[in-house]
Amino acid sequence: MTGARIMTGMAAGAGLCLLVAAPAWAQAAPAAAAPVPDPGNNAWMMTATVLVLMMILPGLALFYGGLTRAKNMLATMTQISAVAALAMLIWVTYGYGLAFGPEGNAFISWGKFFLRDVTPASTAATFTHAVISEYVFVAFQMTFAAITIALVLGGVVERMKFSAIMVFAAIWLTIVYFPIAHMVWEGRGLFFTMGALDFAGGTVVHINAGVAALVAAVMLGKRKGYPSEPMPPHSLTLTMVGTGLLWVGWFGFNAGSALEANGSAALAMINTFVATAAAGLAWMLTERVMGHKGSALGFCSGIIAGLVAVTPAAGNAGPFGAIMLGAVASVTCFVFVAKVKPALGYDDSLDAFGIHGVGGIVGAIGTGLVYAPWLGGPGGADYAIGHQLVTQAAAVATTIVISAIGTAIAITIARALTGLRVAPDIELEGLDLGEHGERAYN
Amino acid sequence: MKLIMAIIKPFKLDDVREAITALGITGMTVSEVKGFGRQKGQTEIYRGAEYSTNMVPKTKVEVVCDDALASRLVEAIRQAAHSGAIGDGKIFVLDVVHALRIRTGETGETAL
C-alpha cells in the first residue's frame, strides 16, 4: 500500500498501456480469454458518468447562473452548456487520443483519433485486475473535459462574446486540458510517473480551470462598473439548487474515479460527504468570526471549496483527514475571495480562481499530508511525507505554468478571431438579449 | 373624493388591508415600490463584497373614498401601519376630480 498504491491512487487512467496491448493479445492467443468487464463495475461507472454530466447541466449552470445578474442568466447557462457539448465532440474526435492514445510520451499521446479501434468489446484497465468497457471509460473521461472548460467560464461571464468563448474552449482544451489530463492520468504521464497523488483530478480539473479563469479574466478586463457598481447575485435560490446538484454529482466525479464499485470508491464517497460538510460550516463560521452574518452564499461557497479540496484526496485520506482538509480549504478560500481579490482588484467574476484554483492548491498539497497513516490516511508506515509534499508541489507548479501560458495563447487567438468582448451597449443591456435574443425572466 | 396614498412597510400590508375593509372600503390598489426617506438603507454582503442599498423596499397602497370617510381612513391606516420605528412610511391625501366604473359607466362616488 505504499509506492504502488500512490501510483494507482492517483489516476483514472492507470494501466491504459495495458489497454493498448489488449487487442494484440486477443489476436495472438484467442484461447486466453481477454478480461471481461464486471457488469457491476460497468453499471457504477455508467452511473458515475451521468452524475458528472448532471454537475454541469444543470448543476454548474444554475450555480453560476444564480450568481450573475438577471440580464446575463441565460447567457451564463448557455455558455456552460455549449462549451460542455463542444468538449464532448472534440473529445471523441481527438481529445481521447491526445490524452489516452496508444503512442506517446510524458506530455502527450496520440492515436485512437475518431475513437478508432474502440469497440464494445474493448476494455480499459482499472487499478486492480478488473477492467471496464472502454466506451464507458471514454465517456467518463469526456465528462471531466466538459466540466473543466465549463468551470473556467466563472472568471469571464457577463462580458465575453459567445463566439469568443467557443473559440477559446476549442483551443484551450487542445493545448492545455488534453496534455495535462495525459500527464495526470495516463501511465506514461509526467505527474503519474512522478507519483503525484491526485485521486479525481484536483490538478487537471480544478487548479487548471482556476488558473485559466484568472488569466482569462485579467486579459479580458473587468466588467463595466466593477467594483464600484453593485453586482449582487440575482438568485441565490438557484445557486443553492446548483450547489446541491454539484454535491450529488460530485460522488460520480470522486467515487467514480476509483473506476470500480469497490472499497476505494466507498472511501471516496464518505470523504466527499464529510469534507464538504466541514467546509460548508467552516465558511459560515469564518463569516461569523469576521463579524458578519453566516450567509447562504457563504455556505454554498464553502461546499464548493470543500468539494474541490477533497477531489485529489477523495481516496487518499481517512474521513477525519478529509474533514480537516475541507475546513482548511474553506477558510483559505474565504480569505482569498473576500480579502485578497478585492485588494488586488481583478474581476474573477464568480471566483473560479478564488475557489477552484485556491481550493485546488490547498487540496493538492494537503493530500500529501492527509495521506499519512498517522492522520488516518491509507499511506503505509514508511510513507515519506516530505518527499511526497515536494512531488505534490511540483505537480501543482507545473499545472499552473502550463495552464497560464496555454490560456494566454488561447485568449490571444480568440481575441484575434472574434474581438473577445461584447460591445459596451450589449454589456449594459445584458448578454441574454445582446448575444442570444432572449430573456431569462418574462 | 379623495385618493389616499400610503407608503408603508411591506409586512404591515395585511394589517392595513384589514383596517381599511373594516371601514367598509371594498377596493384598493397595492404596488411594490422602492424609495428612501429618513430610513437608511441596508447592507448586503456577498462573498465579502459589501453593497449598501439606499433604496428600501416599501409597499404603496392606494384607496379612493368619499370625502366624509377620508380622515377616518387616514387614521385607520396610520394606526395599522404604525410600529414606531423609523421607516414606517407616509400617507398622502389628494383630491380626485373624477371616477368612472368601466363595466357599468357609473361615475362619481357610486363608481367607488
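**View 1. The contact between chain A and chain B in a predicted model.** In this predicted model, 12 residues of chain A are in contact with 7 residues of chain B, two residues being in contact if their C-beta atoms, placed from the backbone, lie within 7 Å. On the side of chain A that touches chain B, H11 and helix H12 (319–344) each supply at least two residues, and the largest share, 4 residues, comes from H12(A); helices (H or I, at least four residues) and strands (E, at least two) are DSSP runs, numbered from the N terminus. By class, this side of chain A holds 7 nonpolar, 3 polar and 2 charged residues, where Ala, Val, Leu, Ile, Met, Phe, Trp, Tyr, Cys and Pro count as nonpolar, Asp, Glu, Lys and Arg as charged, and the others, Gly among them, as polar. For the complex, the predictor gives an ipTM of 0.78 and a pTM of 0.87. Residues are numbered from 1 along each chain as its sequence is written, while chains are lettered from A and ligands numbered from 1 in the order in which they are written. Local features need pLDDT of at least 70 and side-chain atom pairs count only at pLDDT 80 or more, whereas totals for chains, interfaces and linings use all residues.

**View 2. Helices H9 and H11 of chain A.** The axes of H9(A) (residues 236–256) and H11(A) (residues 296–310) come within 10 Å and cross at roughly 15°; axes are lines fitted to C-alpha atoms, for helices over the stretch in contact, and angles run from 0 to 180 degrees between N-to-C directions. The two helices are therefore roughly parallel to each other (angles under 35 degrees count as roughly parallel, over 145 as roughly antiparallel, 65 to 115 as roughly perpendicular and the rest as oblique). H9(A) passes H11(A) in a left-handed crossing, that is, with the near helix turned anticlockwise from the far one by less than a right angle, a right-handed one being clockwise. Among the residues that make the contact are Trp247(A) and Trp250(A) of H9(A), together with Cys300(A), Ile303(A) and Ile304(A) of H11(A). The contact residues divide into 12 nonpolar, 3 polar and no charged.

**View 3. Helices H8 and H14 of chain A.** H8(A) (residues 202–220) and H14(A) (residues 385–418) pack with their axes 8 Å apart and at an angle of about 40°, which makes H8(A) oblique to H14(A). Their crossing is right-handed. Contributors to the contact include Val211(A), Ala212(A) and Val215(A) of H8(A), and Ile400(A), Ser403(A) and Ala404(A) of H14(A). Here the contact residues comprise 12 nonpolar, 5 polar and no charged.

**View 4. The fold of chain B.** Chain B has 2 helices and 6 strands, which follow the pattern β-α-β-β-β-β-α-β along the sequence. Its radius of gyration is 17 Å, well over the 13 Å that the globule rule gives for 112 residues, so chain B is more spread out than a compact globule (the radius is taken over C-alpha atoms, and the rule is 2.2 Å times the number of residues to the power 0.38). The mean pLDDT of chain B is 92, pLDDT being the predictor's confidence in each residue, from 0 to 100. Within chain B, confidence is lowest in strand S4 (residues 49–53), at a mean of 84, and highest in strand S1 (residues 2–8), at 97.
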